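Hi,

Here is the structure I promised to pass on to you.

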Amino acid sequence: MSVTVVVPSVLAPASGGRTQFELPDASARSVREALDAVGRDYPVLGRRIRDERGELRRHVNIYVDGEDVRRAGGLATPVAAGQEVLVIQSIAGG
Amino acid sequence: MTTPRFLLAVGTKKGLWLATSEDRKTWTVAEPQFLMQEIPSVAIDTRGGRTRLLVGVRSEHFGPTVVHSDDLGATWTEPEQGSVVFPEGTEAAVERIWQIQPDSEDRPEVVWVGAEPISVWKSTDGGATFELNRALWEHPDRDRWAPGAGGAAVHTIVPDAEDPEQVHVAISAGGVYRSTDAGASWTARNHGISAYFLPDPSPEVGQCVHKIAADSEGRLYAQNHRGVYRSDDRGDTWVSIADGLPADFGFVMLTHPRRSGTAWVVPLVSDWERVAPGGRLAVHRTDDAGESWRSLDTGLAEPDWNTVLRDAASVDTAEPVGVYFGTRGGSVYASADEGEAFQEVIAHLPDVLCVRAAELTAPPAGAAHDAGQGT
């Protein structure tokens, strides 16, 4: 089983229209590695989610199987085969 | 694709609007682009035989970037690795692109960016990619700079038209800085500018400069947090030219591209009352380098209690010069006669953050190809 990364449709223009990415077994053991993998193929998408320091942008939230990674291990939060990494923009803005 | 004679770019809190005109009186406004993204900076670069639009785009969620278009906004290009990106080791990330400033006519490959956090960037590939200016980033004055209300940024860059080694920048809130060695070093240049909001009434560092501009003979003009100034010695010393204005607060400072001594400001009552005096919005013009001012309000709405932000005003280079500005109430005004009379060309936009206008001469990229297909 692979790790699935799902991004919001508003980011699809940065990834050739794709919003879902299946990462091969053992290619990503953490949220950071999962985002690294997606960002290698789609660097603009990667920069939308994290800044040039590699830090998660303030109004971007990530859930691993429904749990907010900011309440877990942040970008170091482990991921395992079969899990879903869900990227969602937070409620913000005027 | 035919080339319109004039292009007007309006960046707002929630998107970019482009308008075209043949006579600067009738404007065709296109559908918004980058909708729901902030556009704090835009440039229309007409050098080098092409027209390139450069746009600072910022998403509240997904961060800032710079994109460019060589076909008047039909398509946009963003480098995969980004164009303004702090290098490793700086431990910084770009927050907002405040200024995109093409260099002089004879250096068409050079474009400058001013950004938040306080930083200057230089492109030598026409604005596709930019390199951080290390001298300003590591400047010993940095710990004495403070964020203005809008953020800590380099918001204005004024390359010298004659001397490629000389460039001025304006920092909120740091003041005016000058380099005479093409950005290798920077020195504060605020002598004569007063600051009521600091313990030292005339500090060299820490000034809250709102906008600077250079005229065709290299005189500099500054709209400060309070105070309007001119420098006849490229920033070494400044003198007040606020007499004759209804107020010395404001954000805008524009200069004539060919006629030295002509400049425009938009006075607001004060920092505690950031509206035009009595709600009567007016552009003020000097034709004698600030010795006297005329109020120009023909065609402007009255009352109008909205602010005009520092980059929400622009001139073109046509004859006579066109003057343009937008308000936080979403009105965009244009004058085809140097401010004598304005007309509202767009209304009810989101807050206008930046306005640029240009007379176009070069056909947009793809124009020749399109014409070929039609024959």
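Let me start in a loop: Phe34(B) sits between β3 (27–29) and β4 of chain B, where strands (E, at least two residues) and helices (H or I, at least four) are DSSP runs numbered from the N terminus. The phi of Phe34(B) is near 55°, a positive value in a residue other than glycine.

Before the rest, some housekeeping. This is a predicted model, in which local features need pLDDT of at least 70 and side-chain atom pairs count only at pLDDT 80 or more, while totals for chains, interfaces and linings use all residues. Residues are numbered from 1 along each chain as its sequence is written, chains are lettered from A and ligands numbered from 1 in the order in which they are written, and side-chain values use heavy atoms, with hydrogens and water left out.

Other backbone points in chain B:
- Ala289(B), not a glycine either, has a positive phi of about 60°; its loop runs between β23 (283–286) and β24.
- Ser172(B) and Ala173(B) are joined by a cis peptide bond, with omega about -10°; Ala173(B) is in the loop between β12 (167–172) and β13 (175–179).
- Another cis peptide bond links Glu302(B) to Pro303(B), with omega about 0°, and Pro303(B) belongs to the loop between β24 (294–296) and β25.

Now the interface. Contact (heavy atoms within 4.5 Å) involves 19 residues of chain A and 20 residues of chain B. The buried area, meaning the accessible area (1.4 Å probe) lost by the two parts on being put together and summed over both, is about 1,500 Å², and carbon and sulfur atoms give 55% of it. Two salt bridges cross the interface, counted when a side-chain nitrogen of Lys or Arg is within 4 Å of a carboxyl oxygen of Asp or Glu. One salt bridge pairs Arg48(A) with Glu78(B) at 2.7 Å, N to O. Helix α2 (residues 43–49) of chain A gives the largest share of the side of chain A that touches chain B, four residues.

Last, the largest pocket, with a volume of about 1,400 Å³. A pocket here is an open set of points on a 1 Å grid over the protein atoms alone, where a 1.4 Å probe fits and protein lies on both sides within 12 Å along at least five of seven lines; lining residues have an atom within 4 Å of a point. The volume is the space filled by probe spheres set on the points, which are joined across faces, edges and corners. Of its 49 lining residues, the closest to the centre are Gln101(B), Pro102(B), Pro257(B), Val315(B) and Thr317(B).

Best wishes
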